[in-house]
Every structure is written in structure tokens, then in C-alpha cells.
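Thank you all for coming. I would like to take a few minutes to walk through one structure, beginning with a sheet and ending with a cavity.

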Amino acid sequence: MTTATIIDGKQFATRLRASIAAQVARLQAEHELTPGLAVVLVGEDPASQVYVRNKGLQAREAGMRSFEQRLPATTTQAELLARIAELNQDPAVNGILVQLPLPARIDPEAVIEAIAVSKDVDGFHPLNAGLLAVGGAAMVPCTPLGCLMLLKDRIGSLAGQRALVLGRSNIVGKPMAALLLREHCTVTIAHSRTRDLAEECRRADILVAAVGKPHMVQGDWIKPGATVIDVGINRVPTPDGKGRLVGDVDFAAAVQVAGAITPVPGGVGPMTIACLLLNTLTAACRQQGLPVPEVGPAVL
Ligand code: NDP
């Protein structure tokens, strides 16, 4: 029997994008400002091409300018850095995102550090990571920002909640933990060296799973009534050979125990691009010295 509330990230993201589009229209009408997002893709990785196309499409749907920069797989690091320098200087471009992964000979850290901090809409620049850690005006990585919005929409104030973040990557786990700490949660970060992982998880009122291991989090790892955010996107084989996407949480078991849970797909995934648009809007306003409009639950 299903007991948990299913957190509908797809529907939330649709509302968020509509709210962003309304703010973009207002910026155009009042300030003749059209936020611009540049997405840079090096090479022809099929999954990356789909992501880049979707980001461009959704930016345009929100009324933004989209600059899709497709560079050949033979592009050198120097050429990519030169392109980023041009985008940094271009006043029509408010946000810059370089689609990862990059070809092996290009150092992703050098590329991320070349993006202007104020245009770093992925929030991966070390200065933005530092600003998030000290509570400054950071660009916050899109996936954890989306998770936080879903949590605040569901729970309201997070103060005093015991939160466990499973995974400590720079793009999900660490910024997620920083955001939850900022919301006054008591935060534990678990990873591959954590002892008694199931026991750690069982203590959590909020469990965010970002490991990349299909169905790793079992039903009996979850505290009854907890809110579970499943960031994982894992493709598992199916008899018809097509495969299907599953999360890091054993959804069928967890839904019997949790108070609320995000599905995969349709949970965190759709929030990521919506938050990319939100970051582009925020970047455009900050660059122009305009107040950042409130869209969705106030999280920053
Ligand atoms: P990483 O591979 O960078 O990090 C995985 C983390 O999980 C690491 O910290 C690792 O620990 C930890 N981990 C791995 N195995 C175990 C284990 N057996 N027990 C405990 N901890 C473990 O992944 P990402 O953070 O980039 O992504 C995580 C998942 O989220 C993936 O499925 C990815 O596809 C998905 N994702 C989804 C997004 C979305 O839009 N919904 C966006 C980004 C990612 P250690 O550090 O010790 O190695």
C-alpha cells in the first residue's frame, strides 16, 4: 500500500518555469533586459547533445536569449578558454555553462575557473562554492538548489531537522549539505567510507541520496515519515533491451515507509534545468544591479 506523498518535481518545475518567464517578460518591459544563456558543447556526445538542446529550448521558452556554442571534438583547451573569454566579455550573455564531461585532454577545472564568477550559472566555480559555504551571494549549483526548493515546498521551515546527504560530490553532495546547513538543519554527509550507513540514514528526517547506485537505499534504511529526495539517475537493463531509469533509492520499498519521496524520473531531474533558468535570471539582475525577483519558495 502506498503511504508516502509523491513529490511531483515535474509539475513544480513547470510552475517555476512559468514564474521565471513572467519575470523575464517584466524585465524586458521595465528595463529592456533579456537574460542570455550561453551553453558550450565540445564534441558530439549524444547525451550531452540532448541536454544542450533541452537547455536552449527551455531558455527560449522562458523568453531568454540562448546562445548554443557547438565546438568540434578536436577543440583544444586554449581554444575553449578563448571562447569563454569572449563570452565573459559579451554583455548579451548573462550566464555561461560548459557542458560536462569534456574530452579527456581538456582540464575541466581550468575551464570552470575561466568562467566569470558572476556568469557561472552552474555554480561550479570555486569562488561560488566558497561564497555558498560562507553564506554569501553565490551562484548555487542547480540540482541541489532544485532539491532545496522541493524540500521547502513540502516541509516549510527546515530548522532543526536531521538531514543526511548521501554523496559528497562538488556538484551535488557538498553544495546540498551547505544549503541544508544554511537552513539550520543538523547535517551529516555520508560517502563510500561511512561506517554503519544504514544506521546513519535511519536517523534522518531528510534523506538526500546522490550516489549513482541503483536502488542502493533500502526501505528499512528510512526513518518512518522521513522526506526522501532521490537525485540518482541510473539506467538499468530491461528484458526488452531499452533499459529504464531508476534512482538511488528502492522506490517501491521506500514509498511504504517515507512521509514523502521524489520519483525517478519526474522528481529532481526536471528541477535542474528550471534552476538553471532561475540562475540565469538571477545573474542578469545582479549584473545590472537590479533586485533579484522572488520566484518559487524563497530559498536564498
Ligand atoms: P559522483 O559519482 O560524483 O559522487 C557519488 C558520491 O557517492 C561520492 O561522494 C561517493 O563517495 C558516494 N558513494 C559511491 N558509492 C557509495 C557507497 N557504496 N556508499 C556510500 N557512498 C557512496 O556522483 P554525482 O554527485 O555527480 O551524482 C550522483 C547521482 O546523481 C548520479 O546518479 C547522477 O546521475 C545523479 N545526478 C542527477 C542530477 C539531476 O539532475 N537529477 C544532476 C547531477 C547528478 P566517495 O566520495 O567516498 O567516493
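I will describe the sheet, then the helices on it, then the cavity.

What we have is a predicted model, in which local features need pLDDT of at least 70 and side-chain atom pairs count only at pLDDT 80 or more, while totals for chains, interfaces and linings use all residues. Residues are numbered from 1 along each chain as its sequence is written, and side-chain values use heavy atoms, with hydrogens and water left out.

Six strands form an open sheet, in the order E1-E11-E8-E7-E5-E6, with parallel pairing; strands here are DSSP runs of E of at least two residues, helices are runs of H or I of at least four, both numbered from the N terminus, and two strands pair if DSSP finds at least two bridges between them. Strand E1 (5-6) and strand E6 (186-190) are at the edges with a single partner strand each, so one side of each has no neighbour in the sheet.

Helix H6 (residues 142-155) packs on this sheet, touching E1, E7, E8 and E11, and its direction makes about 160° with that of E8. Contact means heavy atoms within 4.5 Å, and the angles, from 0 to 180 degrees, are between N-to-C directions of axes fitted to C-alpha atoms, for helices over the stretch in contact. Helix H7 (residues 173-182) also packs on the sheet, touching E5, E6 and E7.

Turning to the cavity, its lining includes Ile96, Asp120 and Phe124, and strand E4 (residues 95-98) gives the largest share, three residues. A cavity is a set of points on a 1 Å grid over the protein atoms alone where a 1.4 Å probe fits but cannot get out, and lining residues have an atom within 4 Å of a point.

How values were computed:
1 Å grid on protein atoms, 1.4 Å probe; cavity = no way out; pocket = protein on both sides within 12 Å on 5 of 7 lines; lining within 4 Å.
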